[in-house]
Amino acid sequence: MLLNSQSIKGMPVICGANGERIGTVSEVRYTPGRKKIDGILVQDQRRLSGSIYISLDKIITFGEAAVIVQGDYLQERKALEKSSQILGITVMDLDGREIGTISDIVFDSEKGSVVGYEISKGFIDDLMNGRNLLPGDHIYHLSNDVLVISAEQSDNLRSNNGGLKNIFFNGF
């Protein structure tokens with residue numbers, strides 16, 4: 001099943017060993033270029049200001065109603081620090097055109113492999129045309145500020161079938 005990182009935010013995280021509710025998903029962690037998500041950041045319900053990092057190998061399943069994790073889910077702090085945030089990074093092509101910003105990561109819930117990145121061109125364009133999907137293997141160069149893709153890749157972005165135009169013109 002394909003999921004995006006925004007759809008699992010706020011989802012409860014349950015320990016499969018004892019049924020204890022650990023907290024809720026606050027973020028999906030990802031290292032660019034790795035082609036897999038690293039894990040999730042969980043807002044710990046037992047501590048008001050604490051977060052727990054749970055690596056992908058400790059996640060049993062991303063279910064419809066909750067994320068189920070193994071009993072030995074706690075990880076060292078250094079594992080969290082190596083991950084970085086890709087959401088909000090500007091996407092440009094080699095011709096210098098701004099394509100949009102990365103608004104979400106789409107991943108396979110069983111393997112954790114990154115399928116692609118949703119590209120937003122802004123609220124109005126997203127509302128009218130929907131977001132485009134950049135396949136996960138199309139990264140040309142990534143820095144902390146900008147993701148550069150080839151002009152051919154920017155011409156071949158796939159529609160993610162959202163937006164009012166797609167609903168009204170393709171839905172009926």
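Reader: Which side chain meets lysine 58 in a salt bridge?

Author: Good place to start. The general idea is that side chains of opposite charge can pair when their charged atoms come close. In this predicted model, lysine 58 pairs with aspartate 72, at 3.0 Å from N to O. The two are 14 residues apart: lysine 58 sits in the loop between strand E5 (51-55) and strand E6 (59-62), while aspartate 72 is in the loop between strand E7 (67-69) and helix H2 (77-81).

Reader: Which residue forms a salt bridge with glutamate 118?

Author: That would be arginine 131, with the closest N and O atoms 3.2 Å apart. Glutamate 118 belongs to strand E10 (residues 114-120), and arginine 131 to the loop between helix H3 (123-129) and strand E11 (132-135), so this pair ties together parts 13 residues apart in sequence. Here glutamate 118 is buried at 10%, whereas arginine 131 is partly exposed at 30%.

Reader: And what about arginine 29: which glutamate does its side chain meet?

Author: Glutamate 27, in a salt bridge of 2.3 Å from N to O.

Reader: How many salt bridges does a search of the whole structure find?

Author: Four. Among them are the lysine 58 pair with aspartate 72 and the glutamate 118 pair with arginine 131.

Methods. Residues numbered from 1 in each chain as written. Predicted model: local features only at pLDDT ≥ 70, side-chain atom pairs only at ≥ 80, totals over all residues. Heavy atoms only, no water. Helix = DSSP H or I, 4+ residues; strand = E, 2+ residues; numbered from the N terminus. Buried < 20%, exposed > 50% of the residue type's maximum accessible area, 1.4 Å probe, protein only.
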